Amino acid sequence: MLRVLIAKDLRRAWRNPLPWLINIIVPLMMTALVSLAFGGKSSGGPMGRITFAIVDEDKSRLGDFLKGAANQGESGKFLNPVFLEREEALRQINSDKLSAVIIIPEHFMLNYLTGRQQVSLELIKNPAQSIHPAVLEELLGAVVISLNAVSRNFQSEFPDWLDVFEGKEDFHRISVLVERAGKKLEAANNYLYPPLISYEKEVRAKESTTGKGASDSGFNLFAFILPGMAGMFLLFLASNAMTDLHRELRFRTLERYHTLQERLFPFVAGKVVFTFVVLLICGGIMFGGGTIMFGIHWRNPFATVALIFGYAGFAAGLMSLLVAIMPDERRASALNTMAGMMLGIVGGCAFPIEGMPAFLREHVTPLLPSFWFVSTVRKLQFNPETPWMSPALKMAALSVILIALAALLFGRQFKKGLRT
Amino acid sequence: MSLLKTDHLSKTFGAIHAVDSVSFQIEAGEIYGLLGPNGAGKTTTISMICGLLKPDAGEVIVAGGPFWSDPQKAKSIMGIVPQELAIYEELTGRENLEFWGRVAGLKSGEAKTRTTELLEALSLTDRAKDAVKNYSGGMKRRINLGCALLHRPKLLLLDEPTVGIDPQARLNILEFIRGLRASGTAILYTTHYLEEAEKLCDRIGIIDHGRLLAEGTLSQLQERLGGDRVFVLEADFGNASVEAWDGFLQRFRVIQKAEGQLVVAAIGVRDPAECLRELLNLPIRVENVTLKRPSLNDVFLQLTGRSLRE
């Protein structure tokens, strides 16, 4: 019977493919949209290196110092500064070759060290490169804060430093200045380098398991974001796909089925299986798209796929139950949306659960299948040995229970006359 | 043995008695018409018979066994044609028939063979491969009917199967139903069309406000009016009252009294000419008297005090 029902739905979908194509195209568009919003392709690592220009119109030592800081050490992994004249930089940013242009204005060092005038760095962003200019703006903000901090702590010594930078070298004075600066920095050491224990722990986990190279070992932000987005989106898709069950009710075909077959379970199960297949395709698009567009390396693909299977079953089963609970389509749509949002948000799909109220975080979230799915997929990215079988099986079992409940409710409602 | 028997079937929705102690039975090869206006309780009765609704009281007996003792067995010998079209418009006529055949329990090969037979019988072979959404109203009705017949049900429940279609399509469907009766199928046919009930049904039950008011063959129902003719008197009644006319109610049964019109039937076997004379001699200014054969509407009028067409 299940095969007959699914074949019927497949035929109907084939004859009227638009609603199902929308279901499938939407995640594709979502993935592409997020990809564009976060900087498109990532050939040089998870986010790629950010190419920007520094225009030094000051031609001072301080300018040289800032330019040097931009492409040395850790910065060099993520930043790709080019040093250009203003006209050339503006030409390249207009040609979409740069994410931003940072201009160090004339007399920058002089004004900074003498405090005669307010100083400012100029930032020209290229909105076509989405998140990259925003990252640079944040970095520039950090530079400005650092310069302000230096200004507050070393202002009394700035005249001496100005002499040094202007080439009036007096090595004795320089040695005294450096020593004093060293002592001040030593006192501020604890503030500058506070212990970051949790961060250290994450880095170690990656280093110990990959060993393949930089592109695999780095933390990929999208591998964290995408499961959450997929977790929420699959719920909405399930709700959308399950509206076909409402259609069966509206056109009395479920009622007709019930006049021929006493058991409603196969009918509901057929609809759930169909929705489940749609969700698997959509999940495949989102997670597969994530691999292509964001360069995500799913570290335990089998477990991830198993979790997607479990979650798709749960989402389809849940939505069938909600259709059974809510007699009219309009109200059901509102309920489904609310349920999807609540499950998504409280389950940690949208925001990290650490930011949620303690009661939800400790007593509600751990009970939600959306949390089982999202947290396990995320954990698998940090540690491929994370146990995944239990959440996948729990979700699969839950989907069967939900389908049975939906069929039971439909049957009871028919008998009471609520569906006729 | 009757194929269907309802025994004091009742269903209440809140304060509304949708069906109130309805009892009737249908034999094989018989068409039983359940006639009543919209909202009379016809669809609720059918829903209880086919197990979509559970009765609050009473019992449905299908082929000698209580429906609820084995619902699936009872359903397997029934075919239900719902009032609203319950078919898949995206699918072709053939696909719809085959699908409902499979749901009814036929194997794939059986469903295919039976579909071909039914398409032929319903004169839809030429359009079998077209999507149902492209069919006319009458063709959709025929497919809707056919979907209930794949498994050759012994008992067919038809809930107003000709609503909203043109006269020619209606005639085709009625002819097809007569063919089913001839093959021995017991048919419950609900309608609010008097002509359909008169022409098609072997026995008729008149239902209103959930209660079965009368049942019988057409002639038995006509007999309730006192014979095979009624008199329609058109006059200016003014303040006149039938009770005030000497011996009138002993000789005539009042079927309906409306402004300017009185419908009566003679009590007992009487000469129509004599009845006419008596009516013309009433102490009112009579404008017209007509003699006609009583219709089901007259029966309904007598039972409910209102016309079925109102």
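In this predicted model, A:F52 stands opposite A:A100, a residue of strand β3 in chain A. Strand β1 of chain A, made of residues 50-56, pairs with β3(A) in the parallel sense, and five bridges join the two. As a general point, strands in a sheet pair through backbone hydrogen bonds, in either a parallel or an antiparallel way.

Where do β1 and β3 sit in the order of the sheet? Reading across chain A, the order is β2-β1-β3-β4, an open sheet of four strands with mixed pairing. At its edges are β2 (79-83) and β4 (122-125) of chain A, each of which pairs on one side only. From one strand to the next, the twist averages 25°. Now look for helix α3 of chain A, residues 61-70: this helix lies across β1, β2 and β3 of chain A and runs at about 170° to β1(A).

Let us step back to the whole chain. Chain A has 20 helices and four strands. Of its 420 residues, 45% are buried. Its accessible surface comes to about 21,900 Å², and 64% of that belongs to carbon and sulfur atoms. Among the contacts in chain A with a separation of 6 or more, 76% are between residues 24 or more positions apart.

You will find A:G347 in the loop between α17 (329-346) and α18 (358-364) of chain A. Is A:G347 buried or exposed? Its relative accessible area is 1%, and buried means under 20%, so A:G347 is buried. Leaving aside neighbours within four places in sequence, its contacts are A:M342, A:I353, A:T365, A:L368, A:S370 and A:F371. A:G347 and A:W372 are 25 residues apart in sequence, while their C-alpha atoms are 8.0 Å apart in space.

A:H107 is not a glycine, yet its phi is positive, near 65°. B:H209, also not a glycine, has a positive phi of about 50°.

Note on methods:
Residues numbered from 1 in each chain as written. Chains lettered and ligands numbered in written order. Predicted model: local features only at pLDDT ≥ 70, side-chain atom pairs only at ≥ 80, totals over all residues. Heavy atoms only, no water. Buried < 20%, exposed > 50% of the residue type's maximum accessible area, 1.4 Å probe, protein only. Contact = heavy atoms within 4.5 Å. Areas by Shrake-Rupley, 256 points an atom, 1.4 Å probe, with all protein chains shown as cover. Pairing = 2+ DSSP bridges. Axes fitted to C-alpha atoms, helices over the stretch in contact; angles between N-to-C directions.
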